[in-house]
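Please read the points below with the structure open. They take up a few local details first and some chain totals after that.

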Amino acid sequence: GCFVFKPSPKKRRVSQKTANDFGEKKDDSEDTELRFLTCQSLWNEIKSETEQIQENLNKQLFDNLVSFLRRSHSEFQEKTTEWTCRMKSREIPTAALVLGVNVTDHDLTFRSLSEVLQNNISPYIALLEAKDCPGIKNLMQKLLGQLMNCDIDVDSLEDEDCVPVSQNRIRCSVTSLINWYESVTKKTDSETLRKKRTSSSKHWQSPPVVVIFKDMESFTTKVLQDFIVISSQHIHELPLVLIFGIATSPMIIHSLLPHSVSSLLCIELFQSLSSKEHLSTIIDKLLLTAQFPFKLGEKVLQILINIFLYHDFSVQNFIKGFQLCIVEHFYSQPLSVLCCQLVDAKKRVNSLSHNQCENIRRLPSFRRYVESQVSEKQIALLTRDSYLKEVIQKLLEDLHVYHENYVSVLRCLHVFTSSLPKYPLGKQIRELHCACLENRVWETEEYESSLQLARMLNKSDLVTMLQQCVEIFMSSSGKEFDKTVEKLKEFLTQFQKLEAEAFQEQDVSVSSQKELQKKTDLYHLQKTLLELKESRRSKKLTKFEMLRFEVVDYIDSLVRNYLVPADHKTLHEIAYFNTASVLREHLNAAPRIALHTALNNPYCYLKNQALKSDGGSISNKAPDICIVYKLHLECGRLINLVDWLEAFSTVVMAAEGPNADAASSDQVDDIIHARFIRAVSELELLGFIKPSKQKTDHVARLTWGAC
Amino acid sequence: MSQPEGKGSGALQVKFVPDEEVLKHIADDAGIKVQKDKTQLTVSLKTFVKKLENISDDEAQEILEEKNYVAALGICAQDSMGNGSGVGGGEVYSFQTPKRSSKMAELASELAQTPGQSVAPNHSECPEKTAKTPQSSSNKKKEFVSTTPYRLRKRLAAPDPYLESESEYSASCSEEEDEDDQKEVSTVLSGRKTPAKTTAASTPPPRNTLAKKIKESKMSNLVEEYFEAHSSSKVLTSDRTLQKLQKRRLTQQTLHDLLKKAPLAYAAEIKELNQQHESLFSKWMRQLHWGFNILLYGLGSKRDLLEKFRTSVLQDSVHLVVNGYFPSITVRSILNSITEEVLEHIGTFRSPLDQLEFIIKRFKEDSSLELYVLIHNLDSQMLRGERSQQILAQLSSLPSIYLIASIDHINAPLMWDQAKLSLYNWLWYETTTFSPYVEETSYENSLLVQQSGSLALSSLTHVLRSLTLNARGIFRLLAQYQLGNKDNPSYPGLSFQDFYQQCREAFLVNSDLTLRAQLTEFRDHKLIRTKRGADGVEYLLIPVDDSTLTDFLEKEDEDV
């Protein structure tokens with residue numbers, strides 16, 4: 001069933017990832033080459049950025065782990081008696097690493113973890129996966145193989161006598177492991193002695209052996225138990241450390257291992273950053289920044305986030321989706337050639353071909369822009385390429401500035417909304433971002449209610465928020481924010497002034513309260529309280545309230561100024577990817593629904609009038625498989641083939657009309673029979689039915705109900 | 001059970017409710033309806049006799065809800081060209097009551113009656129009218145008796161005052177209905193005792209209220225009915241068999257020839273579909289190069305499409321075609337063809353995992369190596385195992401191996417967990433082609449196709465020829481006995497003791513030990529099968545169908 005096809009060696013082309021795949025047209029009117037290169041460089045940039053982020057996020061965790069590993073076998077290093085006495089209890093130091101359900105991301109974490117450990121702790125690290133270790137024997141084999149290989153890597157340069165032992169030949173047991181360990185450590189010992197400890201090696205003389213179980217849950221309990229019991233016997237000869245990768249909860253250790261085994265472990269728990277936080281950081285660094293020219297549209301972002309939240313919690317998959325967006329954007333949008341850093345983009349504008357200029361003129365956002373201009377300008381824009389290019393440069397710059405400002409103001413708004421009760425605009429900045437991209441945020445009800453809530457904030461909160469905003473604006477690259485910062489600072493000083501005043505007022509109020517306490521009789525108390533209430537109702541707003549209103553109004557004005565949705569901006573098509581359907585079709589497909597539609601409503605695909613139908617029925621001229629499928633829906637668990645065949649032939653005969661059965665009816669019958677057989681076996685292939693032995697000439701339905 | 005509230009806006013709630021509560025719920029509903037007008041009464045009644053009409057209404061409702069759900073997910077219903085994404089999952093996976101087997105015939109006749117135009121399933125049509133279907137009406141009646149009432153009786157048996165009153169009420173209101181309906185009802189339900197059901201198929205009440213009402217009570221019954229239908233081992237279908245049809249079984253060859261004669265329906269439209277898909281070839285190549293793998297799904301054989309892709313795009317590069325539908329394909333053979341033919345490595349491997357490791361190493365070392373892998377039917381019987389998929393997934397995750405595969409089975413995506421999915425890194429493409437699965441089904445042992453008769457025959461004669469004359473005689477005896485019993489459907493086989501007697505009488509064996517030795521030889525060649533009956537007696541059977549056996553005996557006679 002396998003066939004290899006090889007092209008003749010002459011024709012074999014050198015492997016190349018050319019731009020030819022990128023656009024079919026060979027002429028370079030649409031800058032395919034350039035687009036391809038831009039896309040590639042952008043993706044590489046983003047990829048390295050994400051890796052960087054991942055590294056930073058894991059740093060804390062890895063530091064903790066490293067210090068744990070150092071601690072765990074420090075006694076072994078010192079060879080103190082304390083060590084031996086502790087080892088009588090035979091506990092293996094174990095790190096339980098809770099990583100979360102996003103299994104797909106774990107690989108990356110483990111890879112960088114083993115790298116870190118290799119650099120810092122010990123060269124002896126083995127990564128084990130459940131699928132490689134169905135039995136204890138395989139586990140030991142894998143373990144020894146990995147350890148001894150790494151050993152060879154380390155000192156293959158120095159030792160020629162170290163014959164690369166094939167793992168099949170040595171008996172895989174813990175004893176051989178210990179022997180190996182002793183020989184290795186002795187060697188390094190003598191080496192270090194020879195070198196008279198001049199070179200301060202990164203590792204100690206007897207580094208621990210670290211065994212990482214990548215997916216602890218999927219290991220067979222038997223294997224794990226055996227391994228733990230056996231190695232705990234030898235812990236005083238072999239400084240072993242285990243690391244369990246756990247996707248669910250730390251409780252799993254105890255449900256997997258009986259008490260007698262788990263008591264051999266000295267477990268310390270480590271919690272990795274949750275993938276949701278990881279995603280927020282990724283969105284923060286990739287999308288909410290002016291650094292990358294490529295942007296995601298609202299729907300696209302929504303879909304990616306939904307896939308993340310509802311399907312896998314996998315940051316890897318999110319990035320994969322992001323990659324798909326980039327590729328699609330650069331492929332489908334010829335103007336994406338301008339989707340690069342502003343400086344380059346300006347240069348590229350100058351060398352745009354006439355075709356590309358026409359493309360720009362066709363952009364809906366640009367058309368809107370043209371329509372808003374005076375008539376002479378309109379003509380110039382539509383006829384003179386050079387003028388067009390000038391304008392485009394200006395517009396691109398506008399767009400860039402818009403992005404810079406957008407991010408800062410968005411963050412500022414988020415500072416306010418994220419602390420409001422019930423989070424009318426969402427807790428996460430990504431939700432706010434989506435809301436702002438979707439339409440004018442200040443026209444939404446949620447914004448209205450959040451403003452109202454903001455008008456009720458207390459002073460200390462307000463002051464801290466303002467301070468945060470000031471910081472955000474200070475650090476932003478936008479040039480327009482000097483005034484804003486000034487204004488905010490002014491607010492802050494006013495608040496401080498208020499505070500001072502309030503201090504004085506407080507004295508007054510205290511005294512008045514004392515006054516109140518003097519009058520003990522009920523009548524007067526009531527009276528004063530009523531007065532107080534009256535005065536409060538009619539009272540003018542306090543200074544603080546006035547100021548608060550002012551602040552909120554100011555924020556509101558910022559929002560209205562800067563958080564205009566992107567698709568109101570001219571030339572947004574260059575930077576934004578908006579084709580959400582592509583993502584949904586390719587990443588989140590529903591194969592069963594496609595089958596269902598094709599079988600129930602073939603007109604969706606075959607545009608023939610004869611197939612057109614209304615409601616849930618199909619015409620009797622539908623393809624055989626559809627008819628057979630429709631008929632089988634009427635059955636219960638078992639289907640009688642004879643009945644089925646007859647029903648089918650009734651339908652088909654009727655469809656073919658009366659003239660068919662006049663002539664060679666027998667012949668026709670055979671053909672119908674054959675068609676039926678084909679349709680039924682197709683249904684079997686699709687998994688709707690299977691042969692049944694329960695009754696002769698029956699098939700069993702595998703789906704339930706009319707679906 | 002769930003109760004959709006409001007106008008289908010809320011998502012469905014699922015919770016388990018004890019039976020009593022369900023009954024009470026139904027009763028409550030019914031009670032309220034009794035106090036209301038009679039159209040609603042008939043509605044509630046109607047739910048008990050599941051009618052297709054109602055169900056289609058429900059579907060409409062479900063679609064509505066589905067849309068809401070989809071919108072809520074942020075995946076709006078707006079969609080590109082006619083792919084099926086517009087349909088919600090509820091429609092596909094909905095639980096619905098099993099229908100009577102005769103429904104098939106009814107539907108068939110309906111479809112037949114109105115040629116050319118679509119048929120709204122209208123069930124006020126009476127079965128008499130449909131009696132012109134080839135199925136005999138007596139047969140049909142028998143089925144009616146045997147099927148539906150079982151459930152209904154059971155439900156009615158529940159102590160339920162409301163239902164009582166309801167039935168009385170409906171009995172009176174049935175008088176107002178026209179003659180036709182009366183007649184239909186009485187024929188359909190002739191076997192029943194309960195008069196309550198006689199109004200079941202009354203005039204259709206206003207639709208929009210109907211849908212909701214029905215849904216409510218339908219949903220409450222669903223779970224119960226599912227288990228009812230699946231718990232009873234009784235199968236309620238007709239007993240007819242293909243043999244009585246007096247139609248010879250077609251062989252693979254004749255089937256093939258016949259199908260060639262039959263013109264392919266909608267060839268033009270199918271061609272158009274294919275052209276649409278072919279325009280994606282360059283896109284696929286690009287995405288393959290970006291590290292994605294392509295997965296094709298949708299109704300219809302995708303073999304030709306992939307072949308076309310191969311011939312038009314992959315001519316200049318090394319590629320591997322795997323016919324997953326081939327019944328003896330294994331992962332091992334795929335790996336072997338990579339190591340032996342692509343990497344030109346001579347030597348064997350201890351396990352597929354070793355082999356995989358070797359391949360991965362080679363591809364990582366040599367970045368100029370590139371391989372396109374096309375797998376037809378990645379979900380085939382042989383490749384769908386967990387280990388095979390794991391290996392294939394790991395292969396496909398190599399940056400210089402480009403995988404493009406197709407799946408057909410409805411449950412194919414269940415093969416993969418998150419880890420495998422991320423290794424595969426799929427981009428899904430819907431390529432509905434509507435082309436017949438010619439190659440894919442040709443290996444399948446279809447029920448209706450004569451079981452590879454020629455092969456069995458030749459192997460039989462071949463094996464027998466190498467045996468002694470006595471042994472041949474023994475086998476002959478067994479075959480003759482089996483043919484003599486071919487009309488007995490519950491023929492268990494020939495018991496060992498009887499067989500021994502017969503053999504002795506024919507002077508073929510002299511002790512039961514020799515017979516046993518002979519039988520062991522037969523069994524080793526898979527000529528016979530032994531089976532222990534309920535009484536502990538050993539029965540012998542030749543696992544070959546009767547026609548082959550007849551052919552065999554005839555041939556033997558010729559030889560002798």
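1. In β8(B), which residue is the bridge partner of B:Arg532? The partner is B:Glu538. The pair belongs to strand β7 (residues 529-532) and β8(B), which run antiparallel over four bridges. Here strands are DSSP runs of E of at least two residues, and helices are runs of H or I of at least four, numbered from the N terminus; two strands pair if DSSP finds at least two bridges between them.

2. This is a predicted model, in which local features need pLDDT of at least 70, side-chain atom pairs count only at pLDDT 80 or more, and totals for chains, interfaces and linings use all residues. Residues are numbered from 1 along each chain as its sequence is written, chains are lettered from A and ligands numbered from 1 in the order in which they are written, and side-chain values use heavy atoms, with hydrogens and water left out.

3. β7(B) and β8(B) make a hairpin with five residues between them. In the turn, B:Gly536 has a positive phi of about 85°. β8(B) also pairs with strand β6 (residues 494-495) of chain B, antiparallel, through two bridges; B:Ser495 stands opposite B:Tyr539 there.

4. In a regular strand the side chains alternate between the two faces of the sheet. In β8 (residues 538-541) of chain B, B:Glu538 and B:Leu540 point one way, B:Tyr539 and B:Leu541 the other. All four are buried, meaning under 20% relative accessible area (1.4 Å probe, protein chains only).

5. An unreviewed UniProt entry annotates residues 487-547 of chain B as "domain: Origin recognition complex subunit 2 winged-helix"; such annotations may be inferred rather than shown by experiment. The span is 41% helix and 16% strand, and its end C-alpha atoms lie 13 Å apart.

6. Chain B as a whole has 24 helices and eight strands. Of its 560 residues, 51% count as buried.

7. Chain A has an open sheet of three strands in the order β9-β11-β10, with antiparallel pairing. β9 (638-640) and β10 (689-691) of chain A are at the edges with a single partner strand each, so one side of each has no neighbour in the sheet. Three bridges join β9(A) to β11 (residues 698-701) of chain A, and A:Leu638 has A:Ala700 as its bridge partner in β11(A).

8. The domain assignment, automatic or from a database, gives chain A domain 1 (51-76 + 89-151 + 206-273), domain 2 (278-502 + 541-577) and domain 3 (591-701). The centres of domain 2 and domain 3 of chain A, taken over C-alpha atoms, are 56 Å apart.

Definitions and conventions:
Buried means under 20% relative accessible area, exposed over 50%, partly exposed in between (1.4 Å probe, protein chains only).
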